[in-house]
There are 4 protein chains.
Amino acid sequence: MRINFRANRQITIAINTALIIGHFHPKRNTRMHCLADVAITPIGPIDSIEKALELAKPLLEASGQEYVIHDGGFTIDAEWKDAMTLVGQIHEHLHKSGFVRVHSDMRVGTRTDKAQTMQDKINVVEKKLKQ
Amino acid sequence: MRINFRANRQITIAINTALIIGHFHPKRNTRMHCLADVAITPIGPIDSIEKALELAKPLLEASGQEYVIHDGGFTIDAEWKDAMTLVGQIHEHLHKSGFVRVHSDMRVGTRTDKAQTMQDKINVVEKKLKQ
Amino acid sequence: MRINFRANRQITIAINTALIIGHFHPKRNTRMHCLADVAITPIGPIDSIEKALELAKPLLEASGQEYVIHDGGFTIDAEWKDAMTLVGQIHEHLHKSGFVRVHSDMRVGTRTDKAQTMQDKINVVEKKLKQ
Amino acid sequence: MRINFRANRQITIAINTALIIGHFHPKRNTRMHCLADVAITPIGPIDSIEKALELAKPLLEASGQEYVIHDGGFTIDAEWKDAMTLVGQIHEHLHKSGFVRVHSDMRVGTRTDKAQTMQDKINVVEKKLKQ
């Protein structure tokens, strides 16, 4: 057999160590802002990507978070927890709408040096490109 | 003009509707299981990807969640909320460790037809490839 | 040792089989059109993502391919080979400009049922969202 | 207005300059090695991801390139052009096998400081994590 799977590894269940107490608190919310560019793909009929955006849109809107819908999905500009909860609820909503498998590819950036919105990011790129 | 900007589109936004009341609750946790394959990149010195994994490892371990560290990052096998909280806390920890910008690329899958662990997924692929 | 690496697998070098002759021709170009949404990250100083776009822009322009620069990188609307060659040359250019490590996250879609440009895709989403 | 569209930006495009003549040659092949982690998703029936790997496997094998199939897709260790041609041919093969839409998410890394194989990368991570 040529192919060698990740499968061969043993998957371990980790146990708590005192070492990092102070870092990990399962219930603690992060206070980070993030920009999350999400491409969502329900596995199903051919027009499913557009259908996913159609189904996601009212949840994005009702969330009160800043977002942009673009041709590849949507970008959310929010606190980490709010962004991730929102994407999770969109997955749930797609499942309730009949898709048994949903996949999201998320590119998520955080930074601590300054607050940066989507528009700030665009402005930096624009400025650079105009030089 | 060859260039065709996403900028040119004008996507209209539907008004918040009662339709989806009942779907969106910002504080409500999802009950979905997910498999999240995370590639984490702190923007910084050259060895930062390996450093990121080194810093992430104790948090992964202390989380009590199932996970695998692989050459491209790590995969978490957990409830949506727990997986996303964990990745958020790893971002926070990397920031505390001195990285001002951290980027994660996450491939996250959910499904409702059956419970599927990482090992189940591997088994399906193995079985298919052995045929 | 808790962590179990993909590392444990043996990496195989495949040999040619007659089985799929007819499918694989290393020199043969594909004739597929694709939409490739590329997020490019040189591993290095803090402003490297914006710097990457600044360095990429003249190559995108000189390529004669249709493209859009957006806040997360750029999207190329081209034949598969041309899109991939272009991204490869951007990597090379970034290396020549001093970045020793460059990472691209590419979301690439192909379809055979119809020719679909970036604008077509946007139009479909717009239409759906306006309903 | 909460929503902040990518649409609002106006990114100006610099004129083709002689500056980069010498960089861009559409027919020129890159000489870069890359590691490409590919998650391939044909849009279609529920078991399509596993089916995609099943269809991809003989092409990966016949290619003569180094690769690993893992639970999230496959990783190719090859020259940029060879890796990208191979993924393109897998897309084509999936289309010929009946899938009208195929999507790949590729994480592709290149580096110029040293030759690094998949195994090298794993070794670095292992060493770090064992410390």
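This is a predicted model: local features need pLDDT of at least 70, side-chain atom pairs count only at pLDDT 80 or more; totals for chains, interfaces and linings use all residues.

Student: Where is the place of Gly72(B)?
Tutor: Gly72(B) is in the loop between strand E2 (66–70) and strand E3 (73–79) of chain B. Helices (H or I, at least four residues) and strands (E, at least two) are DSSP runs, numbered from the N terminus.

Student: And what does Gly72(B) touch?
Tutor: Val38(B) and Ala39(B), leaving out residues up to four places away in sequence. A contact is heavy atoms within 4.5 Å.

Student: How far is Gly72(B) from Asp37(B) in space?
Tutor: They are 8.8 Å apart, C-alpha to C-alpha, and 35 residues apart in sequence.

Student: New topic. How many helices and strands are in chain A?
Tutor: Three helices and five strands. From the N terminus, the order is β-β-α-β-β-α-β-α.

Student: How much of chain A is buried?
Tutor: Buried residues are 62% of its 131 residues. Buried means under 20% relative accessible area, exposed over 50%, and partly exposed in between (1.4 Å probe, protein chains only).

Student: Why is strand E5 of chain A largely enclosed?
Tutor: E5(A), residues 101–111, has 10 of its 11 residues buried, so the rest of the structure largely encloses it.

Student: Which strands pair with E5(A)?
Tutor: One is strand E2 (residues 33–43) of chain A, antiparallel to E5(A) with nine bridges. Another is strand E4 (residues 101–111) of chain B, antiparallel over 11 bridges. Strands pair if DSSP finds at least two bridges between them.

Student: Which residues are bridge partners there?
Tutor: Ala36(A) partners Val108(A) in E5(A). Arg101(A) partners Arg111(B) in E4(B).

Student: What about E5 in chain C?
Tutor: Nine of the 11 residues of E5(C), residues 101–111, are buried, so it too is largely enclosed by the rest of the structure. Nine bridges link it to strand E2 (residues 33–43) of chain C, antiparallel. It also pairs antiparallel with strand E4 (residues 101–111) of chain D, over 11 bridges.

Student: Switching to helices. How do H3(B) and H1(D) pack?
Tutor: H3 (residues 118–130) of chain B and H1 (residues 48–62) of chain D pack at about 40°, axes 9 Å apart. Axes are lines fitted to C-alpha atoms, for helices over the stretch in contact, and angles run from 0 to 180 degrees between N-to-C directions.

Student: Which residues meet there?
Tutor: Val124(B), Val125(B), Lys128(B) and Leu129(B) meet Glu50(D), Leu53(D), Glu54(D) and Lys57(D). Ala, Val, Leu, Ile, Met, Phe, Trp, Tyr, Cys and Pro count as nonpolar, Asp, Glu, Lys and Arg as charged, and the others, Gly among them, as polar.

Student: And how do H1(D) and H2(D) pack?
Tutor: H1(D) and helix H2 (residues 80–96) of chain D pack at about 130°, with axes 10 Å apart. Ala52(D), Leu55(D), Ala56(D), Leu59(D) and Leu60(D) of H1(D) meet Leu86(D), Gln89(D), Ile90(D), His93(D) and Leu94(D) of H2(D). That contact has eight nonpolar, two polar and no charged residues.

Key
Residues are numbered from 1 along each chain as its sequence is written. Chains are lettered from A and ligands numbered from 1 in the order in which they are written. Side-chain values use heavy atoms; hydrogens and water are left out.
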